[in-house]
Amino acid sequence: MVVRDDQGYLLYLTLNMIKYVSLFVAEVESLRWATEYTKQCGWRRLEWETDAKEVEKVGWKVNWRIRNNNMVVNAVAKLSLSINRASVFDEFSLDLIPPCNMGKILAEKVNVALEMKKHYKLEVEYMFRAPDCIERPVLAVNGQFPAPTIRARRGDTMVIKVTNRLYTDEVSIHWHGIRQRGTPWADGTSSIAQCPIRPGESFVYRFKVDKPGTFIYHGHHGLHRTDGLYGFLIVEVAEGEKEPFHYDGEFNLLLSDWWHRPAHEQQIMLSAKPFRWVGEPQTLLINGRGQYNCTLAPGYATSNSSYPPCNFKGHEQCAPTILNVLPNKTYRIRVVSVTGLGSENLIIANHTMTVVEADGNYVEPFTVDNLDVHTGESYSVLISTNQNPNENYWVSVGVIARPFIIPPGLTILNYLPNSAWKLPISQPPLHPRWDDLEHNKNFTKSIFALKGTPKPPRKAHRRIVLLITDHLVDGYTKWAVNKVSLVLPSTPYLGAIKYGLKHAFDQRPPPENFANDYDIMRPAYGNATFGNGVYVLDFNTTVDLILQNANAMDNFSGSHPWHFHGHDFWVVGHGEGKFSEKDVKKLNLKNPPLKNTEVVFSNGWTALRFVADNPGVWLFHCHLEHHLIMGMGVVFSVGVDRLPELPPEGLACGLTAEFLMRHKHT
Ligand code: C2O
Ligand code: CU
């Protein structure tokens, strides 16, 4: 088995350990036998080798069971690791045959059985950190910021116990990109799938990861993502399976934006009357690290300001994570964006990137100089380290689609054995201009599904057109979809719908379209209302969602990356202006990419098709966190009557709590 830690080091727990399957006998039902067996077969304690300082503990426990004849016939083994303070453990049982033959059997069993269940414990707490050299409270998990990387294999069942160690805040964690087939209650959306976890309490998320890919987990309550509650969730192919491409090593880049103002205050501002805008973020972070008011690139200046060089020793919380590579190898870089407001563009100077995965789906490989990543999207790109090995190269992240004036986030691609601090000889690369929409569109339109990806059904049963505008609703500044601004109810929808609690939310279905004569090029006009009705979709029907962008009240139309819970969709088209019936013929039904997040560009439309085959209640929303909280989202319910009894742990609030008490639910 190979386990990788956060930084991409390899921790080998090779199965050679079988040779000396060092039985670290802890809980022994018959100590005598265990000791003798261990001695007789020449086994020693489990030994391991790793570079990773983050590995704190490795333990290997075996429960022996003895049958007659003093023969050991069965044992339950438990392998546990603490990596970066997250613990993983696996349990499996071994059938044993007479002394010393066990090795071989173990080897096989371990391979299979180790992958079955992955247990994690995540504790969410506020800590003081200085991600961009300025200290403030951040949301950390198990004492780490960003939250530790979780790794699993396709087919694994994740058992993740999340404990809320915040003093006054509730919390919930969403597993972004995991479809939660059959486990909609584990989606982690507060107000939709579950009641948020109260301070001091825990909630166990159990779900299966059924697809390999690059995913994320993040807070899904209030603006928790903006406070830093995010980490990687990486699903590797199952044992024995192969990715459709080759690579020698891997890095993860988690892109985010960072404010010095805590999210709680931002939330109050966004909800105030009159509205107070939170402003643009101060810093772009790469793997939770960025530099405010100084630069890694001496002499670097924007037209607005110049920055003094950063003086790093390397262990500062805002020192960059250096990417160490060897020359002439291929690396897979997994990139995700969890930004609150911006979309980002990634460049690795002098290196092209071949895109091979998007949102946990393989794509037809294509090569780019720079990569657009909208919040909620994930990509894997391959690079080959074929440049002059005596130099290091810039890795740069800049903002697109918003007029930010903050400098790019930087780190270094370090060709070993050069020193990490040997600065690249040239200035950091330039990103496309923030308003170079053509560039963004070209990138998005170059993504096609890898051959062999399932194709969408030819026809949709239903089309829902969603117009995006902002309005003053009762004097509050809000976003709206078809003139309805989403206000999440206090009773989560899933329980409310399952148990028919009609007072929990608006029973009128929201509009399927907007007025025919609405002019998307005028500043947003007309009246909007607050609402929380649900689009009820018939199970197994094919649905088209058309996102229709328009001007906001300020006469500007920004890009919005929309994310869907519970399903992947096919991106069947993008277009300019208003979507119309004649665009239907032009949709790409041949090789559209499957994604879970897709952007709708300024004054244009995006067409998505999906099959509503996953019973549950699912949010579809703009992944700009500040937009979601201002109402930019809609809710779908699919075949909830087909679900079994819901686990009651997530229902202990609002009307479902009352309902459970009345029905003495167990
Ligand atoms: Cu990544 Cu509903 O979010
Ligand atoms: Cu938005």
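Reply: Asp359 lies in the loop between β20 (353-358) and β21 (361-368), where helices (H or I, at least four residues) and strands (E, at least two) are DSSP runs, numbered from the N terminus. This is a predicted model, in which local features need pLDDT of at least 70 and side-chain atom pairs count only at pLDDT 80 or more, while totals for chains, interfaces and linings use all residues. Residues are numbered from 1 along each chain as its sequence is written, chains are lettered from A and ligands numbered from 1 in the order in which they are written, and side-chain values use heavy atoms, with hydrogens and water left out.

The phi angle of Asp359 is near 50 degrees, which is a positive value in a residue other than glycine. Asp359 has 0% relative accessibility and counts as buried, a word that stands for under 20% relative accessible area, with exposed for over 50% and partly exposed for what is in between (1.4 Å probe, protein chains only). Asp474 can be set beside it: its phi is also near 50 degrees, again positive in a residue other than glycine, and its place is in the loop between β26 (462-473) and β27 (476-481). Asp474, however, counts as exposed, at 56% relative accessibility.

Now step back to the whole chain. The protein chain has seven helices and 38 strands, and 60% of its 666 residues count as buried. Among contacts (heavy atoms within 4.5 Å) between residues at least 6 apart in sequence, 75% join residues at least 24 apart.

Leu254, in strand β15 (residues 249-258), shows this on the scale of one residue. Leu254 is buried, with a relative accessible area of 3%, and its C-alpha atom is separated by 8.2 Å from that of Arg334, which is 80 residues away along the chain. Leaving aside neighbours within four places in sequence, the residues in contact with Leu254 include Pro146, Ile216, Tyr230, Leu285 and Val338. One of these, Pro146, is found in the loop between β8 (136-141) and β9 (150-153), and the peptide bond that joins Phe145 to Pro146 is cis, with omega about -10 degrees. Another cis peptide bond runs from Lys273 to Pro274, with omega near 0 degrees, and Pro274 is found in the loop between α3 (263-270) and β16 (283-286).

Aromatic rings come next. A search of the whole structure finds 26 aromatic pairs. In one of them, the rings of Phe620 and Phe636 have centres 6.2 Å apart and planes at 40 degrees, so the pair is tilted. The two residues sit 16 apart, Phe620 in strand β37 (residues 616-622) and Phe636 in strand β38 (residues 633-638). The rule is that rings of Phe, Tyr and Trp (its six-membered ring) pair if their centres lie within 6.5 Å, and that planes under 30 degrees apart count as stacked, over 60 as edge-to-face and the rest as tilted. Phe620 and Phe636 are both buried, and they belong to one aromatic cluster together with Tyr535, Trp562, Phe564 and Phe610.

Cys622, in turn, brings us to the metal. The protein donors of the copper ion (ligand 2) are His560 (ND1), Cys622 (SG) and His627 (ND1), lying 2.1 Å from it. Donors are N, O and S atoms within 2.8 Å of the metal (3.2 Å for Na, K and Ca), and since water is not among the atoms, sites may look incomplete. Along the chain, the donors of this ion follow the spacing H-x61-C-x4-H, and both Cys622 and His627 are buried.
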